[in-house]
Amino acid sequence: MLKLRRFLADYKKEVIIGPLCKLFEAILELLVPLVMANIIDVGINGLHDAGYVLRMGGLMVLLAASGLTSALFCQYFASKASQGAGTKIRSALFQHINSLSHAELDKLGTPSLITRITNDTNQVQQSIAMCIRLLTRAPFIIIGSLVMAMSINLKMSLIFFAAALLIGLSLWLITTKCIPIYSAVQKKLDKIGLLSRENLSGNRVIRAFSKQRSEKERIDTATEDLTKTSIRVSRLSALLSPVTYAVTNTAIIAIIWFGAVNVSIGNMKTGDIVAMVSYMTQILLAMVVVANLMILMTKSSACAKRINEVFETQPSVTENTTEEITLTNDRNTPKIEFRHVSFNYMNDGDDELTDISFSVMAGQTVGIIGGTGAGKSTLLNMIPRFYDVTQGEVLVDGADVRCYPFRQLRSQFGIVPQQSVLFSGTIRENMKWRAGGASDEEIIRALKIAQAYDFVSALPAGLDSRVEQGGRNFSGGQRQRLCIARAVVGNPEILMLDDSFSALDFATDAALRQALRRNTENMTVLIVTQRCSTIKDADLILVLSDGRLAGAGKHSELLETCEVYRDICLSQLSETEVKS
């Protein structure tokens, strides 16, 4: 928790004034038993003065009203500080997560990150509010009650000290056992988040395979596991209240017993006994508050640890400079060049890419083909530096991509990922993701190139048609075409299509390729595909097999020199179609 205190820097006033207000309330609360003792000993047993009793009663009401006002101020300051800090934590988390490279995001996992930015942050936010409200008040009440009891009768105060020590020991024993279990609870919440996300996003697949029952069993198993762990920690934490009450009530019985003896021999007054019982009750209530606060702090500690784990995760891909670099405009310099590139996701085991070397000139269309898991998408991700190479160099315009600032490097690309991702809003808003100032004419041109203009223009609202979350109100092929159009808007220097024709029929595929060739003369186009027909006319075809470059050249050359490419072509086309 202490590592997150920096988020309270702008709320120093609230963090100081809030506890002081609560401290003032505690002082007033400690005065009430003394006023009550005077009412009994002076107003009732001594003077038998109803006026005195009423005046003291009025004083008690005034103390209560002042305490309530002070508590309300504290509540306001606590809410302001906790809500503000929670907002800052979420904002910082979101910003930091966006700075992480693909490797760190893969490691942490989306469901876990969602839990940390929502549930864990809420828990920390709640603990900040409770600490401001109770962290100073409860200990002050306990210590103050002990001091007040000593001022009334020193020997009787030993009962208070014994009770406080026993309750404190109970708190320590129970909370130390609860801390690791709360950490386990958060991890099990992550698992439920993962399963829920899988089931909601893959609902159609689950229904297609009639796997509703088995998926329900998976969710039930994970939920039952969480329930058992939660019950286990709840049972432990539930011991706090009965133990605290048992010790305190035993102490109250002892106070009344020994107090009665002292009253009978004249060492104490009746009002003193009532005051001491009141102070013991205050200690009881304060200890219950401390117990609940300890449980909350234990949960928050586990959550804060998970939040700090995200903040402590540093991106493996970082900018070496924020200043734009100067590039040579030599026509003989390749637009993209790989020099003996090797890459390993985990830096152990076999490489995903091994000793890849090739060069692409500006304006060329490059096809990348190979079997599943051959490393096609990985190779593509090296160019905009989503991952850093393990060995070798990747160059764009003759400069190592590691020398570029991210903005200068990635502004050259129009990227269509394997999974077609659209965002809620309108089609126009989605089309402006790459080029915020794009005109409707530019957008329409990109839609026509992507073969998407026909169905977009047929929509009642045209470019202002709504896009639901993930683009679920469009078919798979329509989503792919919209994603291609979004990448084309603004005429990027390099267009990367990662298996972006998979949901298109062959006629649309052919029309799209022709439109790209006609309208992207100065654009370097890289196409990852499983269809050899899609890249037959490419200027350069790269054939990958088990992370190695099995062949590079044109279609006709590779048919003669690359067995892997020939096998892929013959598995999809007839001998005549392959040679045509």
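Some ground rules. Residues are numbered from 1 along each chain as its sequence is written, and side-chain values use heavy atoms, with hydrogens and water left out. Because the model is predicted, local features need pLDDT of at least 70 and side-chain atom pairs count only at pLDDT 80 or more, while totals for chains, interfaces and linings use all residues.

Let's start with the sheet. Helices (H or I, at least four residues) and strands (E, at least two) are DSSP runs, numbered from the N terminus. Two strands pair if DSSP finds at least two bridges between them. Six strands make an open sheet, ordered S6-S9-S10-S3-S11-S12, with mixed pairing. Which strands stand at the edges? Strand S6 (413-416) and strand S12 (548-553) do. Each has a single partner strand, so one side of each is left without a neighbour in the sheet. From one strand to the next, the twist averages 15°. Axes here are lines fitted to C-alpha atoms, for helices over the stretch in contact, and angles run from 0 to 180 degrees between N-to-C directions.

Now along the sheet. S6 and strand S9 (residues 494-498) run parallel, joined by four bridges. Phe 413 sits opposite Ile 494 in S9. Helix H16 (residues 476-488) lies across S6 and S9, at about 170° to S6. Next, S9 pairs with S10 in the parallel sense, over five bridges. There, Met 496 stands opposite Leu 526 in S10. S3 and S10 also run parallel, with four bridges. Val 366 stands opposite Leu 526 in S10.

Is strand S10 enclosed or open? Five of the five residues of S10 (residues 524-528) are buried, so this strand is largely enclosed by the rest of the structure. Buried means under 20% relative accessible area, exposed over 50%, partly exposed in between (1.4 Å probe, protein chains only). In a regular strand, side chains alternate between the two faces of the sheet. In S10 both faces are covered. Thr 524, Leu 526 and Val 528 are buried on one side, Val 525 and Ile 527 on the other.

Ile 369 is buried, at 0% relative accessible area. Beyond neighbours within four places in sequence, its contacts (heavy atoms within 4.5 Å) include Thr 529, Cys 532, Val 543 and Tyr 565.

On to the helices. H1 (residues 12-44) and H2 (residues 50-99) pack at about 165°, axes 8 Å apart. They are therefore roughly antiparallel. The cut-offs: under 35 degrees is roughly parallel, over 145 roughly antiparallel, 65 to 115 roughly perpendicular, the rest oblique. What residues make up the contact of H1 with H2? The count is 23 nonpolar, seven polar and four charged. Ala, Val, Leu, Ile, Met, Phe, Trp, Tyr, Cys and Pro count as nonpolar, Asp, Glu, Lys and Arg as charged, and the others, Gly among them, as polar.

The contact includes Phe 160 and Leu 166 of H6, and Val 247 and Phe 258 of H9. Its residues divide into 14 nonpolar, three polar and no charged.

Last stop: Asn 122, in helix H4 (residues 110-134). At 38% relative accessibility, Asn 122 counts as partly exposed. Its C-alpha is 9.4 Å from that of Arg 90, 32 residues apart along the chain.
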